[in-house]
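Take a walk through this model with the sequence at hand.

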Number of protein chains: 2
Amino acid sequence: MALAKTMEPLLQGNSAIRKMFELGQEMAEKYGKENVYDFSLGNPVAPVPYEVKNAIISLLENQDPHEIHGYMKNAGYDEVREQIARHLKRRFELPYEKEQILLCAGAAGGLNVLMRCLLDEEDEVLCFAPYFTEYNAYVSHYKGKLTVVPIKEDNFSLDIAMADRLIRRKTKAVILNNPNNPSGVVYKEEELKALAEMLREAEERVGHPIYLICDEPYRELVYDDRIVPFMPGLYHNSIYLYSFSKTLSIPGERIGYLAIGAGVEDGEKLMRAATIAGRTLGFVNAPSLFQKVISECLEVKVDVGFYDRNRRLLYTELTEMGFSCLPPEGAFYLLMKSPLEDTEGFQKMAEEEHIIMVPTDGFGLPGYFRLSYCIPFESIESSLPAFRALWEKVKHRKETDAEQKDSDVKNQKIL
Amino acid sequence: MALAKTMEPLLQGNSAIRKMFELGQEMAEKYGKENVYDFSLGNPVAPVPYEVKNAIISLLENQDPHEIHGYMKNAGYDEVREQIARHLKRRFELPYEKEQILLCAGAAGGLNVLMRCLLDEEDEVLCFAPYFTEYNAYVSHYKGKLTVVPIKEDNFSLDIAMADRLIRRKTKAVILNNPNNPSGVVYKEEELKALAEMLREAEERVGHPIYLICDEPYRELVYDDRIVPFMPGLYHNSIYLYSFSKTLSIPGERIGYLAIGAGVEDGEKLMRAATIAGRTLGFVNAPSLFQKVISECLEVKVDVGFYDRNRRLLYTELTEMGFSCLPPEGAFYLLMKSPLEDTEGFQKMAEEEHIIMVPTDGFGLPGYFRLSYCIPFESIESSLPAFRALWEKVKHRKETDAEQKDSDVKNQKIL
């Protein structure tokens with residue numbers, strides 16, 4: 001009675017990620033941190049680039065404290081917006097202007113602002129499985145509905161035909177997370193072109209814009225010289241959403257931006273709405289000092305080699321042992337298929353070996369686990385014996401299951 | 001069609017404060033900044049205490065960047081929560097524990113989190129006029145309803161009997177802003193005790209908790225040795241909401257906290273809900289560096305004398321000229337009664353003298369204007385001739401109106 005009824009599902013659900021993280025913490029206390037292999041949390045650990053500290057100190061030395069810590073326009077400091085617009089223009093050759101940039105409290109903040117702007121009750125947002133589990137909550141706050149396009153399990157590419165079938169008059173937006181959390185997949189230009197083509201046709205069909213929200217906090221974390229195509233260049237109604245959490249290893253600071261380019265239908269109105277939504281949802285503005293910090297660090301990023309070493313080691317070793325994993329192309333997640341049909345049983349086995357992974361049921365993909373390899377290299381090295389022991393147990397369980405099956409079959413024959 | 005229908009009222013309304021601020025900016029460009037007397041925006045200008053800069057630099061020098069800028073528990077750093085709990089315990093002699101503290105993105109962020117936790121569709125929140133105009137939006141995001149208790153205009157005290165009549169089964173919470181924006185009133189202990197008494201009885205009547213949300217960003221800005229009573233000591237279901245924006249002149253940084261004490265019914269559950277709501281509304285956590293900064297500055301505040309000088313000068317001069325103003329006791333706002341029944345006409349007159357004030361219609365109090373005196377002392381000094389000219393015009397207009405009335409009366413008699 002005291003709390004809102006609509007809070008109950010959120011209280012029940014909470015986040016599988018946080019739950020596993022807390023389990024990891026408990027186990028670390030019980031068995032010692034070095035004896036627990038915690039792959040639960042996407043907490044960036046690549047060193048924070050020194051430019052971040054330098055920028056803070058230089059700002060403190062050279063600018064008026066009121067200018068650094070005070071109110072500015074709700075959309076952000078004009079000069080920061082200008083810098084970001086120029087950066088995008090230079091990098092992606094699209095004519096962004098400062099009026100099209102809104103500083104926001106990370107990608108999560110930006111997504112909530114957009115959901116508030118777009119969704120009336122029962123309106124729908126489409127996303128592709130596997131997807132970041134919190135999208136459900138973002139949409140539910142404003143009484144919208146998240147429609148999930150199932151994954152094509154053969155190659156983890158976007159099922160565009162299915163997405164097309166799921167788009168209805170109520171569909172206001174599509175969220176695309178590229179590189180993808182939790183799969184580590186980077187969607188390719190050809191499938192993104194096909195997506196754009198489909199969306200253009202769907203817009204004709206439903207008679208209103210379908211905004212493609214490009215949720216790209218992992219854009220800079222890609223490997224093997226992969227390139228993340230820039231969707232606003234392919235689809236006019238793309239809203240670009242970026243966060244500096246991973247690029248600069250500063251997720252606690254809550255800083256990112258929205259870019260709503262000239263091609264976006266009702267773009268000016270949407271920008272005005274997002275500014276007001278941001279203020280009235282209680283963000284007011286993105287944290288002021290860090291607006292200025294990131295504007296000094298637009299060309300800076302963490303050493304991606306840091307994650308790449310982890311990625312190679314973990315993927316190579318696990319697949320050699322026998323685990324079936326999706327080759328990670330971006331972000332810092334590795335997707336492992338449960339080697340047993342009994343996913344929960346497998347998870348318990350892993351926990352017995354002190355391995356903490358996040359089951360991806362909540363990400364719209366049952367039967368898989370997400371391993372965040374944003375942990376020290378040494379932790380991955382020292383986890384390998386535990387994975388080997390786990391694989392032995394899996395093999396043994398498989399053999400027992402097979403024998404059981406055989407004997408079941410025989411018994412059936414005798415009967 | 002593209003945007004949510006529920007965004008339209010927000011787009012139409014926007015904020016009267018921001019509108020006047022923008023008018024001020026435009027006029028400053030046209031006539032020169034020194035020739036415009038802008039009392040529109042509550043932007044703290046007292047010098048940022050040097051402890052803020054010192055804390056930042058010391059943190060950067062002595063702590064691991066991941067610890068400063070990384071993820072922590074969604075509720076905030078444990079040691080910061082501990083510091084705040086201790087601070088509250090020491091100052092108000094209530095046994096707060098760190099588990100009862102949630103770091104949030106300023107008071108606006110905290111209020112949104114609470115609204116999300118408490119409100120189902122049609123649920124009501126009560127507040128007392130005059131009230132911070134954005135409460136309307138905070139409540140509307142979650143489809144709740146803001147019920148406003150009108151002001152007792154004789155002395156601007158809380159109309160508790162009226163509040164009592166307006167509390168219904170749907171009423172989940174009451175917001176109390178003390179010191180008050182826009183009136184500058186500090187509510188006194190006796191009326192707060194009466195409020196507590198009334199709420200206890202109302203809880204009995206409606207059969208569920210009525211949370212009193214104590215929105216106190218201006219707590220430290222009080223004058224003439226006034227004391228702001230601490231409501232959680234007077235009413236068990238008080239939720240204390242604090243922001244450092246005004247106390248440290250850092251409103252751009254978005255940092256504050258919620259304290260849900262041991263006496264609060266379902267307090268633990270509410271704290272859990274608030275943590276999850278904070279994460280899923282996209283705040284995730286309060287900005288990390290500034291969590292640590294404020295924990296080093298819990299005993300620090302701006303020089304209140306800075307605002308007090310402004311307050312005395314403005315109030316004394318305006319009342320001497322003939323304007324009717326409420327004696328400001330806290331915050332940095334002065335409430336002026338429109339000297340003309342034609343409030344809009346008076347506002348236009350003021351603008352002709354380049355004086356920008358915010359009409360308080362949107363604050364639930366028609367016929368008044370809010371003057372923010374958080375501007376340089378010199379600006380107030382140089383605005384005085386404009387106010388004198390304004391008063392002359394008012395007098396002239398009153399005389400003309402009176403003559404007109406007389407002649408109307410005479411004409412009526414002749415007819």
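This is a predicted model: local features need pLDDT of at least 70, side-chain atom pairs count only at pLDDT 80 or more; totals for chains, interfaces and linings use all residues.

Residues are numbered from 1 along each chain as its sequence is written, chains are lettered from A and ligands numbered from 1 in the order in which they are written, and side-chain values use heavy atoms, with hydrogens and water left out.

Begin with the interface. Chain A gives 82 residues to the contact, and chain B gives 82 residues. Contact here means heavy atoms within 4.5 Å. About 6,800 Å² is buried between chain A and chain B, and carbon and sulfur atoms give 56% of that area. Buried area is the accessible area (1.4 Å probe) that two parts lose on being put together, summed over both. On the side of chain A, the most area is lost by A:His69, A:Tyr71 and A:Arg116, together 10% of what that side buries.

One helix pair spans the two chains. Helices (H or I, at least four residues) and strands (E, at least two) are DSSP runs, numbered from the N terminus. Helix α3 (residues 50-62) of chain A and helix α3 (residues 50-62) of chain B have axes that come within 11 Å and cross at roughly 155 degrees. That makes α3(A) roughly antiparallel to α3(B). The angle classes are: under 35 degrees roughly parallel, over 145 roughly antiparallel, 65 to 115 roughly perpendicular, and the rest oblique. Axes are lines fitted to C-alpha atoms, for helices over the stretch in contact, and angles run from 0 to 180 degrees between N-to-C directions.

Which residues of α3(A) meet α3(B)? They are A:Lys53, A:Ile56, A:Ile57, A:Leu60 and A:Glu61, facing B:Lys53, B:Ile56, B:Ile57, B:Leu60 and B:Glu61. By class, this contact of α3(A) with α3(B) has 6 nonpolar, no polar and 4 charged residues. Ala, Val, Leu, Ile, Met, Phe, Trp, Tyr, Cys and Pro count as nonpolar, Asp, Glu, Lys and Arg as charged, and the others, Gly among them, as polar. A:Glu61 also forms a salt bridge with B:Lys53, with the closest N and O atoms 3.5 Å apart. A salt bridge is a side-chain nitrogen of Lys or Arg within 4 Å of a carboxyl oxygen of Asp or Glu. The rule finds 6 salt bridges across the interface of chain A and chain B.

Now look inside chain A. The axes of helix α5 (residues 78-92) and helix α11 (residues 288-295) of chain A come within 9 Å and cross at roughly 35 degrees. A:Glu79, A:Val80, A:Gln83 and A:Ile84 in α5(A) meet A:Gln291, A:Lys292, A:Ile294 and A:Ser295 in α11(A). These residues divide into 3 nonpolar, 3 polar and 2 charged.

Chain B holds another crossing. Helix α6 (residues 106-118) and helix α10 (residues 267-280) of chain B have axes that come within 9 Å and cross at roughly 115 degrees. By class, the contact of α6(B) with α10(B) has 7 nonpolar, 1 polar and 1 charged residues.

Turn to the backbone. Most residues other than glycine have a negative phi, and most peptide bonds are trans. The bond from A:Asn178 to A:Pro179 is cis, with omega near -10 degrees. A:Pro179 lies in the loop between β5 (171-177) and α9 (189-206) of chain A. In chain B, a cis peptide bond joins B:Asn178 and B:Pro179. A:Glu122 has a positive phi, near 75 degrees.

End with the salt bridges. Over all chains the count comes to 62. B:Glu79 and B:Lys292 form one of them (3.2 Å, N to O). B:Glu79 lies in helix α5 (residues 78-92) of chain B and B:Lys292 in helix α11 (residues 288-296) of chain B, so the pair ties together parts 213 residues apart in sequence.
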